[in-house]
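Subject: Structure for you to look at

Hello,

Here is the structure I said I would pass on. Please open it beside this message and follow along.

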Amino acid sequence: SFMKEHLPILRRVGIVLIIVGLVDIAWMVWCITHDRSYSSSFNIFAVIAGILLLRGGLKTAKYTRYFALFIFAALIGLDLVMPFMFPFGYWLAVFHQAPGTFFLDMMFSIIVTVFVFWVQRSLGQASITEAQIAAGISPATVKKPILIGALLPIVLCGSLILSFRGETAAKVIAHAKAEHGESYHYVIKNLRWSSNASGTRVSAIVEGYNSTELKMFRIGWDE
């Protein structure tokens with residue numbers, strides 16, 4: 001019937017979300033057991049959303065579309081802002097010294113962007129919005145999650161750029177040059193402060209690069 005036209009779409013998206021979530025959980029476990037960095041926004045949330053969509057959850061469809069729109073806009077915004085995070089020479093070094101990683105990261109970003117676009121487009125189809133209205137649920141709006149998603153990476157990257165150019169950042173670069181030499185150009189990839197018995201601990205991850213090498217260094221001291 002007309003009122004059931006939306007169910008196959010919800011089931012299709014639900015199944016895909018469950019598969020993606022389970023793969024992401026497996027990847028998370030692998031990263032933890034192999035001491036690798038892990039960053040994702042899917043895992044268990046995708047599995048739960050997928051199960052609820054399989055059960056015909058129209059509210060779940062609404063909020064899943066919100067989230068997909070937000071992630072889509074954030075990824076586009078991040079792709080536009082990221083080149084300005086570090087000097088051109090650094091990106092050139094990454095491309096030359098680790099081309100496999102460079103292309104894998106790029107392909108992963110494209111795949112995730114296409115995936116969340118497909119999710120939001122599927123959950124925004126007319127049969128779903130009509131079913132939501134009939135059930136007294138207002139369909140997801142488009143402008144707000146896109147605006148927030150697009151602004152977030154600009155704000156975050158802007159604040160990171162400022163923190164990477166402050167007094168502490170200058171000390172990090174000075175420590176890196178003292179410990180690993182002047183043959184590298186250095187960029188800060190991570191900078192944090194933590195409290196301990198001695199006072200404040202400054203920890204940083206720095207990448208050094210030149211025409212032949214690209215290396216990661218850990219810098220830290222107590223203040």
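Two residues are in contact here when they have heavy atoms within 4.5 Å of each other. Please keep in mind that this is a predicted model.

Helices α3 and α7

Helix α3 covers residues 58-81 and helix α7 covers residues 143-163. Their axes lie 7 Å apart, at an angle of about 35 degrees, and the crossing is right-handed. On the α3 side, the contact is made by Tyr66, Leu69, Phe70, Ala73, Ala74, Gly77, Leu78 and Val81. On the α7 side, the residues include Pro145, Ile146, Ile148, Gly149 and Cys157. Sorted by class, this contact holds 15 nonpolar and 2 polar residues, and no charged ones.

Helices α4 and α5

Helix α4 (residues 88-97) and helix α5 (residues 99-122) have axes that come within 5 Å and cross at roughly 105 degrees. Angles of 65 to 115 degrees count as roughly perpendicular, so α4 and α5 are roughly perpendicular to each other. Val94, Phe95, His96 and Gln97 of α4 meet Pro99, Phe102 and Phe103 of α5. Of these residues, 5 are nonpolar, 2 are polar and none is charged.

The second largest pocket

This pocket has a volume of about 240 Å³. Its lining has 14 residues, and Phe45, Ala46, Ala49, Thr64 and Phe67 are nearest the centre. Two or more lining residues come from each of α2 (43-54), α3 and α5. The most come from α3, which gives 5. By class, the lining has 11 nonpolar, 3 polar and no charged residues.

Regards

Technical notes: Residues are numbered from 1 along each chain as its sequence is written. This is a predicted model: local features need pLDDT of at least 70, side-chain atom pairs count only at pLDDT 80 or more; totals for chains, interfaces and linings use all residues. Side-chain values use heavy atoms; hydrogens and water are left out. Axes are lines fitted to C-alpha atoms, for helices over the stretch in contact, and angles run from 0 to 180 degrees between N-to-C directions. Helices (H or I, at least four residues) and strands (E, at least two) are DSSP runs, numbered from the N terminus. A crossing is left-handed if the near helix is turned anticlockwise from the far one by less than a right angle, and right-handed if clockwise. Ala, Val, Leu, Ile, Met, Phe, Trp, Tyr, Cys and Pro count as nonpolar, Asp, Glu, Lys and Arg as charged, and the others, Gly among them, as polar. Angles under 35 degrees count as roughly parallel, over 145 as roughly antiparallel, 65 to 115 as roughly perpendicular and the rest as oblique. On a 1 Å grid over the protein atoms alone, a cavity is a set of points where a 1.4 Å probe fits but cannot get out, and a pocket is an open set with protein on both sides within 12 Å along at least five of seven lines; lining residues have an atom within 4 Å of a point. Grid points are joined across faces, edges and corners, and a volume is the space filled by probe spheres set on the points.
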